[in-house]
Amino acid sequence: MAPADGTGPDRPDYAGTLRSCYLGYVTQAAVVNLAPLFYIVFMDDYGLTFTMLGSLSLINFAVQILVDLICVAVADRVGYRALAVTAHAFAAAGLASLGILPGLIDPPFVGIVISVAAFAVGGGMIEVLVSPIVDALPGEAKASSMSLLHSFYSWGQVSVAAATTALLHLLGLRHWWAIPMLWALIPAYNAYRFARVPLPGPVAEGGRTPLSRLLRSPAFISVLAVMVCSGAAEQAMSQWASLFAEAGLGISKVLGDLLGPALFAAAMGVGRTLFGIKGRNLRLPPILLGSSLLCVLTYCMASLSRSPAVALLGLVLCGLAVSLLWPGTLSLASARFPMGGTAMFAMLAVFGDVGCSLGPWLTGLVSDLSVGGGRPMPPSLAGGPDPRGAGLRMGLLSSVAFPALMAMILLASRKGSGKGNGAAPQGGSMRAPTPVE
C-alpha cells in the first residue's frame with residue numbers, strides 16, 4: 001500500500017505536483033486581481049470611494065498577513081496537504097460569494113468585504129505553501145524554478161483580465177456577478193488535485209534554522225525590508241491599473257482592462273518566464289537593483305507624462321520592472337538560508353503582504369486627498385477628462401517611494417557585503433556578518 005503522501009516505494013513523479021503548484025498561482029492571481037476589475041462597477045453601482053476601494057486591497061492583504069503569521073507557527077507541523085486543500089477550498093468559497101453576497105447584504109460593501117476576506121484566507125495559505133513546495137522538489141537552479149513558478153501568477157493575471165473583460169463584454173456589466181462564480185471553479189478543482197498528488201515533506205524540525213535566529217540576522221532583516229518594498233511596488237500599480245487606464249488615460253472599460261492590468265501582467269510574465277528559462281547563471285542582486293531603478297522610472301512615466309501613450313508605456317514597462325522583485329527576493333532568502341523551512345517562507349510572505357497592503361492603500365488614500373483637497377493639480381497631472389484620473393496619477397506618484405527605498409536597501413546591502421564574498425548559487429550576496437545556517 002502506498003503511503004498517505006502518494007509517493008510509493010520508488011522515487012515519486014512530481015510532474016503533477018508542479019502543475020498543481022502552477023495552478024495554485026493562477027488561483028492566487030484571481031484572488032488578488034479579480035476584484036479590482038470591478039472597481040468601476042463598485043463605484044457606479046454601489047457608490048464606493050477611492051478609499052473604500054483601496055481598503056479592499058488592504059483587507060485582502062491584511063487577512064493574508066494574518067494567515068501567513070498563523071502558518072509560521074503551524075505549517076511545518078500540519079503538513080502541506082491539509083493546508084493546500086483547505087487553502088483552495090477557502091479561495092473557491094470566497095470567489096463564489098463575491099458574486100452572491102453584494103446582492104444579499106445591505107450595504108453591499110459589507111458583502112464585498114466578507115467575500116474578499118474569505119478568498120484572502122485561501123490566498124494567504126497558497127502563497128505560504130506553494131513556494132516552499134517547489135523549492136523542496138528535486139533539482140538545481142532553484143531561482144529559475146522559482147521565477148518560472150511565479151510567472152504563472154503573471155499569466156494567471158493576464159488570463160483573469162482578458163477572460164473577465166471578454167465575459168463582461170458578452171454578459172454586460174449588469175451580470176458581472178456571474179464571473180467570480182466561474183473563476184471559483186479553478187480552486188475547487190485544484191483542491192481535488194492537491195488531495196491526490198505526491199508532496200515533499202517539510203524540513204525536519206531538528207534541521208531547520210530557527211526563526212528566532214533568522215530574525216537576528218541583519219541579512220534576513222534586509223530581505224524582509226526588500227519584500228515589503230517589492231510587494232508595494234508591484235501591487236500599487238497592479239491593483240489600480242484598470243482604473244488608471246480608464247479614468248487616467250480616458251480608455252473604455254474593455255480596452256482599459258486589456259491595456260491596463262493585462263499588459264502589465266503580460267510584461268511581468270515575460271520577465272519571469274525569461275529568467276526562469278535563461279537565468280540559471282545570472283546573479284540576482286544586481287538584477288534586483290536594476291529592476292528597482294527601472295521601476296522608479298516607470299512609475300514616473302505613468303504618473304507624470306501628459307501623453308496617454310507614454311503613460312501607458314510606463315504602466316506596461318512597470319510590469320517588466322517588478323517581475324523579478326518578489327520571486328527574486330524569495331530566491332535570495334532560500335540561497336542564503338537553505339534550512340529556513342516553511343516558517344521562513346511564511347515570514348517572507350508576511351512582509352511581502354504588508355507591502356501589498358500598503359502600496360494600493362496609500363495610492364487610494366493620496367488619490368482621494370488629491371481630488372478632495374481643493375488644491376489645484378500640478379499641470380503634468382491635471383490633464384484628461386476625468387478628475388479621478390488626476391487624483392490617481394498623484395496617488396501613483398506617491399508610490400514611487402517603495403522601489404526607491406528598495407534600491408537604497410540593495411545598495412546598502414551590497415556595500416555591506418564586501419567585494420570578497422562569493423555568490424550563493426543564483427542568489428548572490430546580501431550576506432550577514434555572522435552566518436546563521
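**Exercise 1.** Which residues in α1 meet which residues in α5?

*Solution.* The model is predicted: local features need pLDDT of at least 70, side-chain atom pairs count only at pLDDT 80 or more, and totals for chains, interfaces and linings use all residues. Residues are numbered from 1 along each chain as its sequence is written, and side-chain values use heavy atoms, with hydrogens and water left out.

Step 1. Helices are DSSP runs (H or I, at least four residues), numbered from the N terminus. Contact means heavy atoms within 4.5 Å.

Step 2. List the residues. From α1 come T17, L18, C21, G24, Y25, T27, Q28 and V31; from α5 come F119, A120, G123, I126, E127, V130, S131, I133 and V134.

Step 3. Sort them by class. The contact of α1 with α5 has 10 nonpolar, six polar and one charged residues. Here Ala, Val, Leu, Ile, Met, Phe, Trp, Tyr, Cys and Pro count as nonpolar, Asp, Glu, Lys and Arg as charged, and the others, Gly among them, as polar.

**Exercise 2.** Find the residues with the most contacts inside the largest nonpolar core.

*Solution.* Step 1. A nonpolar core is a set of buried Ala, Val, Leu, Ile, Met, Phe, Trp, Tyr and Cys residues joined through side-chain atoms within 4.5 Å. Buried means under 20% relative accessible area, exposed over 50%, partly exposed in between (1.4 Å probe, protein chains only).

Step 1. The largest core has 114 residues, and F42, L56 and L348 have the most contacts inside it. Helix α10 (residues 218-248) gives the most to this core, with 16 residues.

Step 2. Look at two of these residues. F42 is one of the buried residues in helix α2 (residues 39-46). L348 touches F220, V223, L224, M227, L330 and A333, not counting residues up to four places away in sequence.

**Exercise 3.** How many disulfides does the structure hold?

*Solution.* Step 1. A disulfide is a pair of cysteine sulfur atoms within 2.5 Å.

Step 1. The structure holds zero disulfides. For C295, the nearest cysteine sulfur, that of C318, is 4.2 Å away.

Step 2. C295 counts as buried because its relative accessibility is 0%.

Technical notes: Helices (H or I, at least four residues) and strands (E, at least two) are DSSP runs, numbered from the N terminus.
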